[in-house]
Amino acid sequence: MRVTFLGTSGAVPTTRRNTSALLVNRDGDRLLFDCGEGTQRQMMRFSTGFAVDHVFVTHCHGDHVLGIPGLVQTFDFNDRERPLAIHAPHGTRGQIEDLVHAAGNDPSFPVRINQVGPDEVVLDRDEYEVRAVRTDHRTNAVGYALVEDDRKGRFDREKAEGELGISPGPKYSKLHRGEAVEHDGRTVEPEEVVGPPRPGRRMVYTGDTRPTDAVAAAAEDADLLVHDATFASDWADRATETAHSTAREAAAIADRAGAKRLALTHISTRYAGDDSPIEREAREHFDGDAWIPDDGDRFDVPFPDDSDDDSAD
């Protein structure tokens with residue numbers, strides 16, 4: 001699961017940061033979360049590819065959606081034929097339709113708009129799902145949690161081969177799939193050589209929000225929480241007024257959830273020259289890894305039992 005930060009600025013872009021967008025490549029499935037102005041160019045700059053079939057919009061403020069017209073038209077110019085699904089909060093269908101058809105554009109490929117609400121399963125795949133999460137902003141808004149299914153338990157090859165005398169081969173595969181096998185005149189049950197199921201990965205993306213109980217619940221034991229941290233605490237009143245979060249508030253949510261890592265995004269232009277107060281504040285109030293990603297940064301989300309294999313660049 002590779003996360004590429006395409007846009008990490010607040011409402012206004014800076015020379016370093018574009019407006020909100022994040023792309024997740026989950027084993028070849030490319031999922032785009034928000035699509036601020038210029039997202040298509042960021043995708044080219046950072047080599048994510050355009051093979052996106054699902055766009056997940058947190059809310060319809062311009063810095064999160066104004067990239068949709070350009071992206072859709074680029075798909076059109078590239079002779080796209082397969083459908084595109086845009087998921088957005090309830091009550092926003094008309095706004096999304098206007099963006100898809102901006103400047104009289106009529107895409108030659110199907111565009112499906114799916115309105116979603118908190119706690120709904122937005123995308124259901126064989127090995128993972130994307131769920132909508134309740135957030136608190138100044139308009140209809142949701143966050144999203146990408147949650148993988150449990151994985152198979154570890155296969156104890158040493159016991160299978162050494163103690164039970166089963167040679168590597170088809171029987172290993174059957175046992176790992178949960179099927180009993182016959183060997184040496186007896187039935188070998190899967191649980192004899194396969195450990196308990198292991199959790200998959202969990203990534204939560206909030207979009208713009210005040211700190212909420214729902215995000216804390218969705219991010220329980222998350223391997224990565226990408227949270228609004230528009231301001232440091234010196235602008236806490238402004239954060240409350242505009243329905244954003246401070247770095248300290250984001251850290252408190254991550255800490256409460258038991259998240260392993262916290263990526264701080266939607267950074268206000270007030271910190272364009274020096275965003276260290278935001279990062280420092282989060283690290284002071286969160287025991288896990290906390291950082292402000294730059295546009296173009298990539299992070300490979302490790303499995304919960306492979307925490308030593310963290311990889312970011």
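The largest cavity of this predicted model holds about 80 Å³ of space. Its lining is made up of Gly7, Thr8, Ser20, Ala21, Leu22, His64, Tyr205, Gly207, Asp208, Thr265 and His266. By class, three of these lining residues are nonpolar, seven are polar and one is charged. In general, empty space is found by rolling a probe the size of a water molecule over the atoms. For the whole structure, the search returns three cavities of 30 Å³ or more.

The second largest cavity contains about 40 Å³ of space. Thr14, Arg16, Arg17, Ile267, Ser268, Thr269, Tyr271, Ala272 and Asp275 form its lining. Here the classes are three nonpolar, three polar and three charged residues.

The largest pocket has a volume of about 270 Å³. It is lined by 17 residues, and those closest to its centre are Gly10, Ala11, Thr230, His244 and His266. Three residues of the pocket lining are nonpolar, nine are polar and five are charged.

An unreviewed UniProt entry lists Asp63, His64, Asp208 and His266 under "binding site". These residues are spread over 204 residues of sequence, yet they cluster in space, with a largest C-alpha distance of 10.5 Å. From this set, His64, Asp208 and His266 belong to the lining of the largest cavity. Asp208 sits in the loop between β12 (202–205) and α7 (213–218). Is Asp208 buried or exposed? Its relative accessibility is 2%. The cut-off for buried is under 20%, so Asp208 counts as buried.

Along the chain, Gly10 and Gly207 are 197 residues apart, but 10 Å separates their C-alpha atoms.

β1 and β2 run antiparallel and share five bridges. Within this pair, Val3 stands opposite Val24 of β2. β2 also pairs with strand β3 (residues 29–35), again in the antiparallel sense, over six bridges. Asn25 has Arg30 of β3 as its bridge partner. Two residues lie between the strands in the hairpin of β2 and β3, where Asp27 takes a positive phi near 55°. How many of the six residues of β2 are buried? Five are, so the rest of the structure largely encloses this strand.

Strand β8 (residues 128–134) gives a further case of an enclosed strand. Five of its seven residues are buried, so β8 too is largely enclosed by the rest of the structure. On one side of the pairing scheme is strand β7 (residues 121–124), which runs antiparallel to β8 and is joined to it by three bridges. Leu123 has Val130 of β8 as its bridge partner. The hairpin from β7 to β8 passes through three residues. β8 also pairs with strand β9 (residues 142–148), in the antiparallel sense and over seven bridges. In that pair, Tyr128 stands opposite Glu148 of β9.

At the level of the whole chain, two domains are assigned. Domain 1 covers 2–151 + 197–300, and domain 2 covers 157–192. The centres of domain 1 and domain 2, taken over C-alpha atoms, are 44 Å apart. A pair of single residues gives another distance. Thr240 and Glu163 are 77 residues apart along the chain, and their C-alpha atoms are separated by 62 Å. Thr240 belongs to helix α8 (residues 236–242). Its relative accessibility is 48%, so Thr240 counts as partly exposed.

The unreviewed UniProt entry also places a feature named "domain: Metallo-beta-lactamase" at residues 18–198. Over these residues the chain is 24% helix and 30% strand. The end C-alpha atoms of this stretch are 37 Å apart.

Key:
Residues numbered from 1 in each chain as written. Predicted model: local features only at pLDDT ≥ 70, side-chain atom pairs only at ≥ 80, totals over all residues. Heavy atoms only, no water. Domains from an automatic or database assignment. 1 Å grid on protein atoms, 1.4 Å probe; cavity = no way out; pocket = protein on both sides within 12 Å on 5 of 7 lines; lining within 4 Å. Points joined across faces, edges and corners; volume = space filled by probe spheres on them. Nonpolar A, V, L, I, M, F, W, Y, C, P; charged D, E, K, R; others polar. Buried < 20%, exposed > 50% of the residue type's maximum accessible area, 1.4 Å probe, protein only. Helix = DSSP H or I, 4+ residues; strand = E, 2+ residues; numbered from the N terminus. Pairing = 2+ DSSP bridges. UniProt positions renumbered as here; feature names shortened; annotations may be inferred.
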